[in-house]
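Please consult the sequence and the structure shown here while reading.

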Amino acid sequence: MLTRRTFLASALAAPCLAAPAAADLLKVRDLYQVKGRGLSDLAQQSVGQRLEIEGFMAPPLKAESRFFVLTKMPMAVCPFCETEAEWPNDIIAVYTKRIVDVTPFNVKITTSGVLEVGAYTDPDTGFVSLLRLVDATYG
Amino acid sequence: MKTIFSTTSLALILATGAASAQELPQANDAWFTAGQDAIQAIIDREINTGRAKNVILLVADGNGVGTNYATRLYAGQQEGQFGEEHVLPYETPDFHSALVKTYNINAQTPDSAPTAGAMNTGVKQRFNLINLGGDAIHDDCATVTGNELTTFAEIVSGMDKSVGIISTARLTHATPAAVYAKTANRDWEDEVPEGCTAQKDIAAQLIDQMDAGVIDLAMGGGRRYFAGKDVTLDEGGTGHRPDGQNLIEKATTLGAQYAWNTETFSSLNLDGSKPVLALFNDSHMEYEADRAEDDEPSLAEMTKSAIEYLSNNESGYYLEIEAGRVDHGNHAGNAKRTMIDGVAFAEAVAMADELTDDADTLIIVTADHEHGIAFNGYCGRGTPIDGLCYAVAQTGDKHSDELLLADDGKPYTVVGFLNGPGAVLKAGEGNDYTGSRDELTQDEAQDLDYIQQALIPSSSEMHSGVDVAVYAKGPWAHLFDGTIEQNVIFHVMNHAVAAE
């Protein structure tokens, strides 16, 4: 018989959704600690390395740019939830080799680039990033 | 003649009662005896017509009957059950229940502002407005004066009860705002249009209501709407208020306690002597799946503290608790986060029930609206609700190991959305949307970040007008029955606190 107490205990004992170990194809969340409060060990250890990360291209902030934001899920914008765009904490700024050919926001892409960390403000958009892929390609 | 004979036979069986049931071939089947136990539990219900000292309204935003079904199965499967048979804490026989029609005065598809307003004032309201009468117009400040409604919080405050609000969304978001705010636009969270003097922004109204003694406790997200743009906030972000007011400082100057993370939450004085303002995130609190224990308390933990705090008032209290991010998971088309936040909501309900007495506390569990969530078939028993659909097995109870395939030869998830970012039609050249479904593995489908496939392209998955359920126990909970309008919820609460 399921009691309230066993329900609570069982739910709390549910397995954690831990980040996977480093793999060839990474997810955006693999580079962050829980809730994007800091970088993961994997990110710290991968600075300067070329990584392949799957995610989604957020709608570009500027046309004819070499910059876009990679998100773990499509950037859903709910007009009745938000008064303005809500960027999640765990995103990756991507600086590309070529002018960005925009991909629809909900089409999964794989981005390859060299990992940089540290606060950086994009001079064109003012976008502040803590984590970047540079010299990047995607598809 | 045959039909008449069958009817007569059935009538005979029913008339002879339980003793004859033992002679039925299925009489010893576990389902049969469980069915008998179920009706006995309903027969044994005690109708409580006493006066409610306390009222707790728990709202899982966007948790219509479909979304709740997903959470039920997910919770059960996390415990090792098939899932379908699972019973959420508010689905036990001691809860009365009804279906709720959620439409707004001028909207078939509701939004969270007027739906929460209906529950807090007793009347349906207009789309995107909060606690203004039907003559008020969205985004028109000039229509505020004369249309302000009296809230349940104001009514019970007049009865010397305390009032608390908890939300995992911003405290200035629609559902929590409906406890204390009156606004012509739900988006006026920290500013009103130039020249608008008939109302303040929503955050300012919260602090005013705290100052007025109506609101005693408020815990949630939305910190940035309580401080000016030049203010660096507790976690390093910046305020958002154009008027530069620091409402956090104003609240503490007025005597309120302030908490902003798990540590300061744990240090709150819960003896009821000082109001509580807790803002755990610049915007919404984290999804339960992404929450760090040392950063933010859970919904159940906030519920526990709030009840401990409010219980100090011998005259009782009204507490609204919102699981705000169930809705956001659905909007993102991300069923997994929806279900995990749904489980967190269920834990909060269990906590509220455990800490209160059915004799004097009316607990109401409901949602404000449903989403465009739907469920594919024909999946076998125990198919992971967060994954791909397995076929029904010929023998035994559990599903077979064969994934069902659609006409395109690809497997599909149990959960789908009618619209949203998971649309299989992708933007092409011009306005040309084309596409086909991705080939999925079970691991991919069950990933935390997986977005379920949808039909209509839309950056955000949408609400739907489908009914939600309401469950209740305690004084006058039995008034919830049949299919009711959403504003009736207020009337049950109002009747319960005033009953002689």
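The model examined here is a predicted one.

In chain B, helix α11 (residues 299–310) and helix α13 (residues 335–354) have axes that come within 8 Å and cross at roughly 25 degrees. α11(B) and α13(B) are therefore roughly parallel to each other, and their crossing is right-handed. On the α11(B) side, the contact involves B:Leu299, B:Ala300, B:Thr303, B:Lys304 and B:Ile307. These residues meet B:Ala344, B:Phe345, B:Glu347, B:Ala348, B:Met351 and B:Ala352 of α13(B). Classified by residue type, this contact of α11(B) with α13(B) comprises eight nonpolar, one polar and two charged residues.

Helix α13(B) also meets helix α4 (residues 65–78) of chain B, and here the axes come within 9 Å and cross at roughly 80 degrees. α4(B) is therefore roughly perpendicular to α13(B). From α4(B), B:Thr67, B:Ala70, B:Thr71, B:Tyr74 and B:Ala75 meet B:Ala335, B:Thr338, B:Met339, B:Gly342, B:Val343 and B:Ala346 in α13(B). The contact of α4(B) with α13(B) has seven nonpolar and four polar residues, with no charged ones.

A further helix of chain B, α3 (residues 30–43), has 14 residues. From its first C-alpha to its last, α3(B) reaches 20 Å, close to the 20 Å expected at 1.5 Å a residue. Of the 14 residues of α3(B), the number buried is zero, so this helix lies largely in the open.

Notes. Residues numbered from 1 in each chain as written. Chains lettered and ligands numbered in written order. Predicted model: local features only at pLDDT ≥ 70, side-chain atom pairs only at ≥ 80, totals over all residues. Axes fitted to C-alpha atoms, helices over the stretch in contact; angles between N-to-C directions. Helix = DSSP H or I, 4+ residues; strand = E, 2+ residues; numbered from the N terminus. Parallel < 35°, antiparallel > 145°, perpendicular 65-115°, else oblique. Left-handed = near helix turned anticlockwise from the far one by under 90°. Contact = placed C-beta atoms within 7 Å. Nonpolar A, V, L, I, M, F, W, Y, C, P; charged D, E, K, R; others polar. Expected span 1.5 Å × (residues − 1). Buried ≥ 20, exposed ≤ 12 C-beta atoms within 10 Å, placed from the backbone.
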